[in-house]
Amino acid sequence: MKDMILIILTSHRKDCFSICLYNLEKYTDLDRFSRVYVLANAVDTEHKAIISSFERRHRNVESIHFGPRGLEHTVRTEGLVLALHRHSLVVKLDEDVFVTPGWLEGMLRAYKNNAADNVALVSALVPNNQIGKICLAEALQRHFPQGFSTTVRRDPVHQNPDYATWIWHRVLRGDLRDTRCPIIRSGIPQRFDGALNINCILFDSRITERVLPFTSGDEQAINDALVQNGLFGLMTTEAVAHHYSFGPQQAQMDSMIGTQRVALAFGMDTRRTSPYRHPPVATTHPVGAA
């Protein structure tokens, strides 16, 4: 297996970031990565403390703090890291994405089985993104013929808070928690050459060499690299990661779901320091009704 690094992007959602780290440590052998980079864009003092605690727990974690807040600065810093690891497998994870059991193994298995077929990138199945919805649409329609309604089905996903809250209720109930769930198992893996949200992805040097130096957002650059070079991505159902919200979904998600409920659903005790020695989840968001 090639050298492999992990890049975690974080900025303002320290409540989500705490859950992200909790699930990451719970379900991942981080020693499999030669380096774990936390790219911290203009984070506050409490957020820095969470990152420092994570660094102390793992010898291979390195944080890079930069500002001011903004995509341009994040992409520039991400590009500097990628340039140091041009030949590595890269796993990239957003601060508001929560991995589940077997996620890394599932992505690596899908990559190994498809890399020879021009598949340079693998995404975990992410229910709250566009291709994730496509993967699950047939199964969701079959299992929830009334709930998977016109409003919920409306595209694009990133502008649809009704879809986000509906899908998260399914996650909290356990219907869509991880690969052990029948609905996830009946999802249809998707091969694609663009239109990907890069919430939780693994890619190789065929992508890295074609996106550097970044001249646009990282998501746009990665999608362009696929489309312009005859490469493909695969969203696999062998790995599941849960994305909390896109910007237009956030206010409704915070009021109707809330990160405290999400943390509790994943087994994170928000009342005291967890066995993983994390600070309590830092959230003031209201807890929505089931």
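In this predicted model, Phe192 lies in strand E7, which spans residues 190-192. With a relative accessible area of 7%, Phe192 falls under the 20% limit and is therefore buried. Setting aside residues up to four places away in sequence, Phe192 touches Leu121, Ile131, Leu226, Phe232, Gly233, Leu234 and Met235. Between Phe192 and Thr165, which are 27 residues apart along the chain, the C-alpha separation is 26 Å.

The largest nonpolar core comprises 99 residues, among which Ile8 and Trp168 touch the most other members. When residues up to four places away in sequence are not counted, the contacts of Trp168 are Phe98, His242, His243, Tyr244, Met253, Ile257, Val262 and Phe266.

Strand E8 (residues 200-203) is buried on both sides: Cys200 and Leu202 point one way, Ile201 and Phe203 point the other way, and all are buried. E8 pairs with two strands. With strand E4 (residues 89-94), the pairing is antiparallel and runs over four bridges; in this pairing, Leu93 stands opposite Cys200. With strand E6 (residues 119-125), the pairing is likewise antiparallel, over three bridges, and Val122 stands opposite Leu202.

Two helices were examined for span and burial. Helix H1 (residues 14-27) contains 14 residues and reaches 20 Å from its first C-alpha to its last, close to the 20 Å expected at 1.5 Å a residue. Because twelve of the 14 residues of H1 are buried, this helix is largely enclosed by the rest of the structure. Helix H4 (residues 103-114) has twelve residues and reaches 17 Å between its first and last C-alpha atoms, close to the expected 16 Å. Its buried residues are Trp103, Leu104, Gly106, Met107, Leu108, Ala110 and Tyr111.

His85 is found in the loop between helix H3 (71-84) and E4. Its relative accessibility is 12%, so His85 counts as buried. The side chain of His85 makes a polar contact of 2.7 Å with the side chain of Tyr37. Apart from residues up to four places away in sequence, His85 touches Asp3, Ile5, Arg35 and Tyr37.

Side chains of opposite charge can pair when their charged atoms come close. A search of the whole structure finds 17 salt bridges. In one of these, Arg32 is joined to Glu105, with the closest N and O atoms 3.2 Å apart. This pair links distant parts of the chain, as Arg32 is in the loop between H1 and strand E2 (35-41) and Glu105 is in helix H4, 73 residues apart. Arg32 is partly exposed at 37% relative accessibility, and Glu105 is partly exposed at 35%.

Arg35, a contact of His85, forms a salt bridge with Glu62, the closest N and O atoms being 2.8 Å apart. Here strand E2, which holds Arg35, is linked to strand E3 (residues 61-66), which holds Glu62, the two residues being 27 residues apart. Arg35 is partly exposed at 24% relative accessibility, as is Glu62 at 30%.

A further salt bridge joins Glu209 to Arg86, with the closest N and O atoms 3.1 Å apart. Glu209 belongs to helix H9 (residues 205-211) and Arg86 to the loop between H3 and E4, 123 residues apart. Glu209 is partly exposed at 35%, and Arg86 at 31%.

Note on methods
Residues are numbered from 1 along each chain as its sequence is written. This is a predicted model: local features need pLDDT of at least 70, side-chain atom pairs count only at pLDDT 80 or more; totals for chains, interfaces and linings use all residues. Side-chain values use heavy atoms; hydrogens and water are left out. A nonpolar core is a set of buried Ala, Val, Leu, Ile, Met, Phe, Trp, Tyr and Cys residues joined through side-chain atoms within 4.5 Å. Buried means under 20% relative accessible area, exposed over 50%, partly exposed in between (1.4 Å probe, protein chains only). Contact means heavy atoms within 4.5 Å. Two strands pair if DSSP finds at least two bridges between them. The expected span of a helix is 1.5 Å times one less than its number of residues. A polar contact is a pair of N or O atoms within 3.5 Å; within protein, one must be able to donate a hydrogen and the other to accept it, and residues adjacent in sequence count only if both atoms are side-chain atoms. A salt bridge is a side-chain nitrogen of Lys or Arg within 4 Å of a carboxyl oxygen of Asp or Glu.
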